[in-house]
Amino acid sequence: MRWSTYRDVEDVERVGIWDDDGLHPVPGPGTLLDLLRDDGLAAAAEAARSRPAVDPDTVRLLPPIPRPPSIRDFMAFEDHVVTSYAAIGVEVDPLWYRQPVFYFTNPAAVRGARDPVGIAPGSAAFDYELEIAAVIGREGADLDPATAVEHIAGYMLFCDWSARDLQSQEMRLNLGPAKGKDTAHSCGPWMLTPDELPADAAMTASVNGRPYSSGRLDALYWSFGEMVAYASRGTRVVPGDLIGSGTVGTGCILELSRTHGGDAYPWLRPDDEVHLEVSGLGAVDARIEPAHPYVPLRKDAA
């Protein structure tokens with residue numbers, strides 16, 4: 001099943017399920033997060049399919065979970081890690097092979113699959129990251145990797161937009177990434193239930209119609225079960241939490257430019273059109289917009 005959150009022609013936020021003839025609205029108020037908390041997807045799907053479909057071109061698609069409780073973004077594709085590090089002459093720390101790693105990012109920065117994305121203020125090295133995110137459907141703590149995947153309600157396409165220059169600067173202080181990563185996260189256009197996601201789902205990206213990235217989901221080194229288990233260690237995962245896979249191999253300009261040169265793969269600029277697609281998960285189509293004005297904190301720190 002494919003679940004979306006959208007604003008209808010009256011600007012009311014609604015939940016819908018996709019079928020061959022379009023997007024069927026779930027009756028009444030409520031959110032996809034409410035349905036996850038109440039274990040109500042099956043009943044909602046039955047009720048929605050009995051109603052006429054709406055034309056998806058007449059609505060604004062929101063992130064499937066517009067207000068996630070938390071977002072943990074991992075770095076679980078070995079190809080991306082090895083290639084990126086090798087391009088700058090650095091070996092991968094053996095610790096990466098013993099435990100997964102993630103950072104927390106900004107739930108307030110999620111965007112819909114068709115929403116424009118503004119460059120981070122002060123950045124001249126803006127980038128996309130082609131990823132998949134799992135959506136937690138059932139609370140759990142200290143989960144076993146063998147069964148943690150049972151707590152996943154579905155998957156969605158996820159793009160962690162990144163200001164590489166800001167990221168590099170702030171991580172010199174041994175914290176972060178923070179402002180290098182929290183301007184925008186594109187999600188959607190829908191959440192797909194786990195039974196329908198191809199294990200070898202193709203993942204691609206293009207900029208202004210030119211192919212950039214190409215990878216596959218089955219290249220993950222750390223499984224989603226392992227990522228969810230690690231995320232739950234000593235704490236809880238709760239319905240609506242997003243667990244990002246991290247960038248697939250070739251899945252960002254940082255990796256491509258380090259390997260093939262910055263002239264071949266320049267940073268994103270205003271009016272660029274970025275298309276990201278994953279088999280079964282649909283596509284993100286984002287137009288890049290100029291940054292908001294950069295406001296210095298102090299006159300001597302501009």
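Colleague: Which side chains meet in a salt bridge at 3.8 Å, N to O?

Modeller: In this predicted model, the side chains of Arg7 and Glu13 meet in that salt bridge, at 3.8 Å from N to O.

Colleague: And is Glu13 buried or exposed?

Modeller: Glu13 is buried, with a relative accessible area of 19%, whereas Arg7 counts as partly exposed at 25% relative accessibility.

Colleague: What about Arg7 and Asp11, what do their side chains do?

Modeller: The side chains of Arg7 and Asp11 also form a salt bridge, at 4.0 Å from N to O, and Asp11 is exposed, its relative accessible area being 52%.

Colleague: How many salt bridges does the structure hold?

Modeller: There are 16 salt bridges in the structure; one of them pairs Lys179 with Asp182 at 3.2 Å, N to O, and Lys179 is exposed, with 52% relative accessible area. Elsewhere, salt bridges with shared partners link Asp127, Glu129, Asp160, Arg164 and Lys181 into one network.

Colleague: Changing topic, which residues have the most contacts inside the largest nonpolar core?

Modeller: Those are Tyr128, Trp161, Phe224, Leu268 and Leu276, in a core of 62 residues. Several elements each supply at least two residues of this core, among them strand 12 (152–160), helix 6 (253–260) and strand 21 (282–289), while the largest share, 6 residues, comes from helix 5.

Colleague: What is Phe224 in contact with, leaving aside its neighbours within four places in sequence?

Modeller: With those neighbours set aside, Phe224 is in contact with Ile132, Ala134, Ile152, Tyr155, Leu217, Ile243 and Ser245.

Colleague: Which residues does the second, separate core include?

Modeller: That second core has 22 residues, including Leu36, Ile65, Ile71 and Met156.

Definitions and conventions. Residues numbered from 1 in each chain as written. Predicted model: local features only at pLDDT ≥ 70, side-chain atom pairs only at ≥ 80, totals over all residues. Heavy atoms only, no water. Core = buried A, V, L, I, M, F, W, Y, C linked by side-chain atoms within 4.5 Å. Buried < 20%, exposed > 50% of the residue type's maximum accessible area, 1.4 Å probe, protein only. Helix = DSSP H or I, 4+ residues; strand = E, 2+ residues; numbered from the N terminus. Contact = heavy atoms within 4.5 Å.
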